[in-house]
Amino acid sequence: MHIRELVGTDEWHTVDGRPYVVYKYAATLDGRIAAADSTSQWITSAESRTEVHALRAACQATVVGSGAQQADNPHLAVRSVKDDPNLKVAVPVDEQPWRVIVDTNARTPADARVLDDAAPTMIAVAHDADASHLDDVATLVRLPRAKVGLDVAALLRELHQRGVRGMFLEGGPTLAASFVSAGLVDRIVAYIAPALLGRGKSGLEGGTIETIGDILRCELVDMARSGPDVRLIARPQH
C-alpha cells in the first residue's frame, strides 16, 4: 500500500468537524508497547521506524500524551537524525506536521526536545494549569478537563480549526484509551515485532471497556511485512 493509503487519506472527508484520527502503536507478540521499566527503544525494526516517519509526514499533526513525553522525551519531527541517523524521510520545516503534546497539568519542561525549532509545537493543557514556563516556547492551548486527562473532542475541534484534517496519534496508552472510549479513532496502524516481554505497558490502558460484551471489533484492512515485523491496518467497527 502507498503511504497515503496507509493513513486512509481517501477517508478523511468522512468525518465532519474534526480530523481523521490514525492511531499507531508498536508492540510485541504479547501486546506490550514498553517493558516493565518503561523502556521501549526499540521494540520494532529500523524499517518500521522509517515507515512511521513517512506516515507522520502524510498527516498534519502528530499527537502524544504527557506520559510518553516524560518517558521518552521524543522529538516527533519527521526525520530526526538524533533518533536514528539512517532515517531517509526529509521534510522541510515549513511543511512539518504539528507536534502536539496533550499535557493536562503542564508537566512538559521548557527544555524538552519537542520544543526546538524543527517543527511547530502545540501543548494542550487544562484551563486551570500553571503553564507559564511554556508561554514563549510553544503554541499553548487550554482545554476543559475530562474524567481522565483532557477533553479529547475539544482537542480535535481545536486542531480542525487550525486546518488539521489528518491526525497521527502515537499514544501513550492512557491517551489512546481516551480516544478509543470516545469513539474517536478512525484507523489503527499496528506494528507487531516477533518478540516477547511478558510484563510491561499494553497498547491501551484505562478507558471504558470493562467486559467482553463491550469489545471494539475492527475490520482488518491490510496486513504486510515491515522488515522482520508485521504491519496491520484496521478500521474500528463503531
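Guide:

Strand β8 (residues 187–192) is mostly covered, since six of its six residues are buried, where buried means under 20% relative accessible area, exposed over 50% and partly exposed in between, with a 1.4 Å probe and protein chains only. This is a predicted model, in which local features need pLDDT of at least 70 and side-chain atom pairs count only at pLDDT 80 or more, while totals for chains, interfaces and linings use all residues. Residues are numbered from 1 along each chain as its sequence is written, and side-chain values use heavy atoms, with hydrogens and water left out.

Strands (E, at least two residues) and helices (H or I, at least four) are DSSP runs numbered from the N terminus. In a regular strand the side chains alternate between the two faces of the sheet. In β8, R187, V189 and Y191 point one way, whereas I188, A190 and I192 point the other way, and all are buried.

Two strands pair if DSSP finds at least two bridges between them. β8 runs parallel to β1, to which six bridges join it, and A190 in β8 is the bridge partner of Y25. With strand β11 (residues 229–236), β8 runs antiparallel, and five bridges join the two; here I192 stands opposite V230 of β11.

A nonpolar core is a set of buried Ala, Val, Leu, Ile, Met, Phe, Trp, Tyr and Cys residues joined through side-chain atoms within 4.5 Å. This largest core has 43 residues, and those with the most contacts inside it include V63, V100, L155 and F179. L155 touches V63, V100, V102, A124, L143 and F179, not counting residues up to four places away in sequence, contact meaning heavy atoms within 4.5 Å. Apart from this core lies another, of 14 residues, among them V22, A26, L55 and I233.

In helix α5, A176 is buried, with a relative accessible area of 0%. With residues up to four places away in sequence again left out, A176 touches Y23, L169, G203 and L204.

The buried residues of α2 include V52, A54 and L55. The 13 residues of α2 (residues 46–58) should span 18 Å at 1.5 Å a residue, and the end C-alpha atoms are 19 Å apart, which agrees; the expected span is 1.5 Å times one less than the number of residues.
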